[in-house]
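Trainee: I would like to go through this model feature by feature. Please give the general idea each time, and then the case at hand.

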Amino acid sequence: VRGTVPVARRQLLAEPAKLTVSVLAIAASVALVLLLTGLRQGIGAQVTLYLDRQPSVLVGQAGAQNFMAQASVLPETLGQRLEQLPGVASATPISQEFAMLTLHGRRVLPLLVGSDPGKAGGPWSMAAGRRPIARNEIVLDRVLAEEHGLGVGSVVTYRGTRLRVVGLSRGTTAWMTPLAFATRSTLNALDRRPRTAGFFLVRPDKGVDASDLASRIEGTVPGVSALTRTEAAANDRKLFTGAFNGILLAMVVIAFAVAVLVIGLTVYTSTSERGREYATLKAIGLGRSALLWLAAGQAGALALAGALVGTVLAFAGVWAAAALAPKYLVNVTGTSVLGMAAAALLMALLAAFLPARYLARLDPAAAFRR
Amino acid sequence: MSVPIVRRQLFVRKGRTLAGVAGIALALLLVLALRALLAGAEDRLTGYIDRSGADVIVAQQGVRTMHMTQSVISAPVAASVASVTGVEDATPIVYVPATLARGDQRALVYLIGEDRSADTIPLSSGRRARNGSEVVVDEALSGLIGAGTGTTVTALGHRFRVVGQVAGTASLASSIAPTDRTSLGRLTGNGANVGYVLVSARKGVSASQLASRIQRSLPGVTASTRAQFSRSERRRVGDMSTDIVRSMIFVGFLIGVAVTGLVAYGATLSQLRDYALLRALGLRAPRALGIVLGQVGALVVAGFVLALALVGTLDWLLPRLSPTLALSIRLGDILTAFAVAAAVSAVAAAMPVVRVARVDPASVFRR
């Protein structure tokens, strides 16, 4: 009678409680990696929320390579000069800065954008109230406002100035850089820089290529830096996600090592506890490579099960973040999941080393000893 | 004569015990390393202020931070700080975020405009900027963008020659770059206005007394002691990362419980017969449970010690791998990790305790 005995499966399933704990521990590590990389992706997407909705060319002070975290001061009269250039449909002045607010005892750092009433650059979608039209009026992101119990009519103090909330914007939520809007005159007064703008949002004429126009502006107008929206967004993304890279790498390495250890520990424990059974298999002729496959098979199954459960947990985490804390955008992508699956196989290979070494050294005669 | 059962049982399978200790250590490291990295970033953020020697920092009203912060004090108000009673020295500075470029390489810096006479953060090499075409940069920028002493860099469309270096201000995304105040004010349209005034107190005047006095004497400013200002700056990182840190502590706790539980349960299962024998010889159930708890406790304590050693190693290693990464290990974070470890022990001991409690002493006589 020919038949096969699924030794690896039986050994894994012999102690369901232990198997469950092992899979959960691996899953926790996998979910952690997926969520952290997803958070990094989310930060990248949130950082460019504002720029993504603006005209395709950005003009700032010479040397400006970023829209955020970058000082840029230009005379507001520059707009007229820009609008006279061929290929420019409009040039709208805006000012921007990070506004350190203390809201019910916690520091919050929205990107405060100052635009001129009735012109481009302000909030694009309102959830409540209206856009700012007068000095010392502010529009806050809806999620940020809700989180801190603020609404239309509330007052926030910024740099000693009381700003009245006149509206709540939609689609402007971000963990690190939520958006807030005021008039440009409000920002200029706070910064004591009248008749200036931080950047000009330049809309090209129909059919004019954005990067051609940016080059033309930079070549014609002295003292300015012209970037396409895509370039500025990429630079901002790099700046903010880059800051996160070191921490992320450290956490990913630790989580990976935890998963390898858990798999190794589980397979090694179950293998060494059944040393006598393996010795018997060796004694009745099971080859060394077949034994090693047994260990590798168990490690692989654990790694894949952990990766699968971890992925489910990660998506549950994404859902929970969206429902409970919408300021966090966690983008778990297919690429990350595939990467984790590949990492799981690597984990299995590494983790199989310890039990494989034990099996290789196992003496078949041990099966006959008491 | 006593038999060290806990120790012997743990050492029966050294590989498993060591792997378990390593697993617990890594789980606790998840908690410790993140906090230490963030604390390291906080320290770097306050590097300039902490080493400026200022007793009081005067900023625009409502401003108690520097990084990613706007502060403008008008020139007359800034000038009158020096005349407040108790002020030994007042150093006005301008603080401007900018991209520092060398060729295609770029880095975010905070240009700090200081007067030539200013004696703020000590230099690690070279000299201070003497005019608007000179700048001092952090040593880390040498490696990051090749901006060493003697090189030329650009910022805000202006060329600067690097004439000196400071150390330990490069955080995850930025560093500081002192230059000439008047030129920087002109470049950024600030004119004679300044961002902050760093104040030294006269002998016998406390920082908090002086801060209150400045606050009362001058309109539209907020005066903080250096300690208050640094604390406020650090809190920003803390406030922004609270949820992430809490999540990491929770995940570290879960993984710690799973690994400890696995090791302790595995050890207990493989020694059930021994426990049955001990019970048959008269060992009472509470004592047997004590042995299990002792094993779990020993594993977690060893894991905790290893985690501390690992975070210490990272503290040494990471700044060598990347000059912007720094760890700062604080007592509070160690206590948090210890609390997590204690909670891990309590939960992870449950599985093997239940198993040992159910052991039938008679089972040792069965085959």
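Trainee: In which helix of chain B is B:D333 found?

Mentor: B:D333 is found in helix 11 of chain B. Helices here are DSSP runs of H or I with at least four residues, strands are runs of E with at least two, and both are numbered from the N terminus. Before going on, note that this is a predicted model, in which local features need pLDDT of at least 70 and side-chain atom pairs count only at pLDDT 80 or more, while totals for chains, interfaces and linings use all residues. Residues are numbered from 1 along each chain as its sequence is written, chains are lettered from A and ligands numbered from 1 in the order in which they are written, and side-chain values use heavy atoms, with hydrogens and water left out.

Trainee: Is B:D333 buried or exposed?

Mentor: Buried means under 20% relative accessible area, exposed means over 50%, and partly exposed is in between, with a 1.4 Å probe and protein chains only. B:D333 has 12% relative accessibility and counts as buried. Leaving aside neighbours within four places in sequence, B:D333 is in contact (heavy atoms within 4.5 Å) with B:L32 and B:R35.

Trainee: How does helix 11 of chain B pack with helix 10 of chain B?

Mentor: Two packed helices are described by the angle between their axes and the distance between the axes. The axes are lines fitted to C-alpha atoms, for helices over the stretch in contact, and angles run from 0 to 180 degrees between N-to-C directions. Helix 10 (residues 285-321) and helix 11 (residues 331-348) of chain B pack at about 155°, with their axes 10 Å apart. The two helices are therefore roughly antiparallel; angles under 35 degrees count as roughly parallel, over 145 as roughly antiparallel, 65 to 115 as roughly perpendicular and the rest as oblique. Helix 10 of chain B makes the contact through B:V296, B:V300, B:F304 and B:L308, and helix 11 of chain B through residues including B:I334, B:A337, B:F338 and B:A341.

Trainee: Which residues of helix 7 of chain B are buried?

Mentor: An α-helix has 3.6 residues a turn, so residues three or four places apart point the same way. In helix 7 (residues 207-217) of chain B, the buried residues are B:L210, B:A211 and B:I214. Seen down the axis, they fall within an arc of 100°, so they line one face of the helix. The arc is that of the directions from the helix axis to the C-beta atoms. The buried residues of helix 7 pack against several elements of chain B, among them strand 1 (56-60), helix 4 (75-81) and strand 10 (221-225).

Trainee: Which residues are buried in helix 9 of chain B?

Mentor: In helix 9 (residues 272-280) of chain B, these are B:L272, B:Y275, B:A276, B:L278 and B:R279. Their arc, seen down the axis, is within 160°, so they too line one face of the helix. Just after helix 9 of chain B, B:G282 takes a positive phi of about 115°.

Trainee: Which residues other than glycine have a positive phi?

Mentor: Most residues other than glycine have a negative phi, and most peptide bonds are trans. A:N136 has a positive phi near 65° and is found in the loop between strand 7 and strand 8 (137-141) of chain A. At 29% relative accessibility, A:N136 counts as partly exposed. A:R195 has a positive phi near 55° and is found in the loop between helix 5 (184-191) and strand 12 (196-197) of chain A. At 60%, A:R195 counts as exposed.

Trainee: How many aromatic pairs are there over all chains?

Mentor: A pair of aromatic rings is described by the distance of the centres and the angle of the planes. Rings of Phe, Tyr and Trp (its six-membered ring) pair if their centres lie within 6.5 Å; planes under 30 degrees apart count as stacked, over 60 as edge-to-face and the rest as tilted. The count is eleven aromatic pairs over all chains. For A:F67 and A:F199 the centres are 5.2 Å apart and the planes are at 55°, so the pair is tilted. A:F67 lies in the loop between strand 1 (57-61) and strand 2 (74-75) of chain A and A:F199 in strand 13 (residues 199-204) of chain A, so the pair ties together parts 132 residues apart in sequence.

Trainee: Which aromatic cluster do A:F67 and A:F199 belong to?

Mentor: A:Y50, A:F67, A:W124, A:F181 and A:F199 form one aromatic cluster.
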